[in-house]
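The exercises that follow ask you to read a protein model step by step, with the sequence and the coordinates side by side. Please try each task before turning to its solution.

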Amino acid sequence: MADESQLDISALHRREVFYVGGQYVPDSNGNHTLQGQMYVERLIPEIKSRGPDRASPIIFIHGATRSGMDWLTKPDGQPGWASFFLSQGFECYLVDLPFRGRSPWYPKNGTMVSYPAESIQALFTDTQHFGTWPQAKLHTQWPGAGTIGDPIFDQFFASGLQILSDPAAQEKASQMAGAALLDRIGEPAILLGHSAGGSIPWLVADIRPDLVKIIVALEPTGPPFCKIGFKSGSGAPYGISTAPITYSPPVTDPAADFAKVTVRAPSSDMMNCTLQAESPPPRQLKNLAGIRVLVVTAQASYHAQYDWGTALYLRQAGVKNLDNLKLEEKGIYGNGHMMFMEKNSDDVAAEILRWIDRCESTG
């Protein structure tokens with residue numbers, strides 16, 4: 001458990017809770033339920049940082065099987081990233097995406113699925129022993145054993161949630177709810193998304209480009225036109241998302257409209273990736289072109305195999321103001337996919353903060 005004597009008083013904050021988005025849906029009897037709404041926790045720092053003025057709030061978007069509580073307290077009881085960024089003067093918004101956690105699900109929204117502890121161990125918490133990708137053996141930063149019966153793992157697994165089996169439906173509902181949240185905030189924000197939640201910033205920014213200043217993508221869904229994770233295989237028919245996203249020229253049938261090519265991986269411990277062909281000219285993500293983007297990749301994660309392709313795909317599609325932060329290149333070693341929960345999570349957050357500050361200083 002966390003030592004209360006070590007808590008940073010700069011993380012003191014005021015809290016507001018509300019819902020955004022959703023629509024009333026009639027049933028066969030003419031009665032209505034509100035569906036697709038999203039739970040939001042707004043955290044406002046009580047003590048402003050002595051550093052730069054933090055004009056842009058951060059919206060934290062969790063990944064699959066997760067919820068907004070991921071950012072509050074780590075499974076080992078230590079303060080999470082919400083405390084870190086509050087201490088730096090940022091206003092923080094933590095969401096439970098539609099159909100997850102405190103955001104209601106109704107049976108007609110779709111089938112829910114869940115995953116066993118063994119899958120979680122292999123992908124996230126004890127990849128050093130159970131991971132099957134080349135970088136897995138480098139994983140050292142998960143606190144505790146990372147296996148069933150370890151109290152930290154048990155706490156982490158206890159917080160896992162069922163998820164909608166239809167990723168396109170999940171993305172579309174999340175896109176609309178995210179746009180509603182930006183409308184309520186009314187000023188440009190920083191979108192920080194993780195894993196399956198990493199596709200949501202692209203989709204939200206697509207329909208609210210003037211209200212998104214920066215996107216931080218922590219190992220977002222990928223690689224392009226594919227999906228690696230609990231169920232690997234084909235996916236993301238729109239390249240970086242399952243739900244439709246705006247391209248120029250427009251994409252009406254993604255299976256037919258994209259000209260694709262396989263690009264060889266930069267090294268033997270990485271995966272080949274599918275990108276757009278150079279002829280005809282690659283379709284452009286025109287609504288994302290003016291947004292600063294950071295793709296963050298951990299050294300020991302399964303994403304270390306292919307995030308290079310996601311970054312290259314985005315640049316090819318017109319997202320030129322993009323950096324791919326590989327943690328080991330900044331001296332941050334041993335992290336897995338859940339980097340924001342691991343022993344050195346504040347080191348990762350500090351590196352992201354430095355990048356954000358550079359973006360803010362250069363406009």
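**Exercise 1.** Does G334 count as buried or exposed? Work out also where G334 sits and what surrounds it.

*Solution.* The model is a predicted one, and the steps below should be read with that in mind. Begin with the accessibility: G334 has a relative accessibility of 1%, and because the cut-off for a buried residue is under 20%, G334 counts as buried. Next, find the place of G334 in the chain, which is the loop between β16 (322–326) and α9 (345–362). Then list the contacts, leaving aside neighbours within four places in sequence: G334 is in contact with L138, H139, T140, Q141, Q299, A300 and E342. Finally, take a distance to another part of the chain: L275 is 59 residues apart from G334 along the chain, and the two C-alpha atoms are separated by 29 Å.

**Exercise 2.** Describe the overall fold, its packing and its surface.

*Solution.* Start with the secondary structure, which comprises nine helices and 16 strands. The radius of gyration is 20 Å, close to the 21 Å that the globule rule gives for 363 residues, so the protein is as compact as a globular protein of that length. The C-alpha trace spans about 60 × 60 × 45 Å along the principal axes. Turning to the interior, buried residues make up 54% of the 363 residues, and among contacts between residues at least 6 apart in sequence, 74% join residues at least 24 apart. For the surface, the protein exposes about 15500 Å², of which carbon and sulfur atoms supply 51%.

**Exercise 3.** Which parts of the chain does the aromatic pair of W133 and Y302 tie together?

*Solution.* A pair of aromatic rings is described by the distance of the centres and the angle of the planes. A search of the whole structure finds 15 aromatic pairs, and the one formed by W133 and Y302 is edge-to-face, at 5.6 Å centre to centre with 70° between the planes. W133 lies in the loop between α3 (127–130) and α4 (151–158), while Y302 lies in the loop between β15 (292–297) and α8 (307–316), so the pair ties together parts that are 169 residues apart in sequence. Both partners can then be checked for burial: W133 counts as buried at 9% relative accessibility, and Y302 counts as buried at 4%. Elsewhere in the analysis of rings, a cluster linked by ring pairs contains F60, W71, W81, F84, F85, F90 and F340.

**Exercise 4.** How many of the ten residues of α8 are buried, and against which elements do they pack?

*Solution.* The count comes to eight of the ten residues, so α8 is largely enclosed by the rest of the structure. The buried residues are D307, W308, G309, T310, A311, Y313, L314 and Q316, and they pack against α6, β13 (260–263), β14 (273–276), β15 and β16. Just after α8, G318 takes a positive phi of about 100°.

**Exercise 5.** Locate the backbone features in loops that call for a closer look.

*Solution.* Most residues other than glycine have a negative phi, and most peptide bonds are trans. Consider the peptide bonds before the phi angles. A cis peptide bond joins G222 and P223, with omega about -5°, and P223 is found in the loop between β10 and β11 (226–227). The bond from S279 to P280 is also cis, with omega near 0°, and P280 lies in the loop between β14 and β15. Now take the phi angles: T65, although not a glycine, has a positive phi of about 65°, and T65 belongs to the loop between β5 (58–61) and α1 (81–87), where T65 counts as buried at 6% relative accessibility. S195 likewise has a positive phi, near 55°; S195 is placed in the loop between β9 (189–194) and α6 and is buried, with a relative accessible area of 13%.

Definitions and conventions. Residues are numbered from 1 along each chain as its sequence is written. This is a predicted model: local features need pLDDT of at least 70, side-chain atom pairs count only at pLDDT 80 or more; totals for chains, interfaces and linings use all residues. Side-chain values use heavy atoms; hydrogens and water are left out. Helices (H or I, at least four residues) and strands (E, at least two) are DSSP runs, numbered from the N terminus. The radius of gyration is taken over C-alpha atoms; the globule rule is 2.2 Å times the number of residues to the power 0.38. Buried means under 20% relative accessible area, exposed over 50%, partly exposed in between (1.4 Å probe, protein chains only). Contact means heavy atoms within 4.5 Å. Accessible areas come from the Shrake-Rupley method with a 1.4 Å probe; for residues, only the protein chains shown count as cover. Rings of Phe, Tyr and Trp (its six-membered ring) pair if their centres lie within 6.5 Å; planes under 30 degrees apart count as stacked, over 60 as edge-to-face and the rest as tilted.
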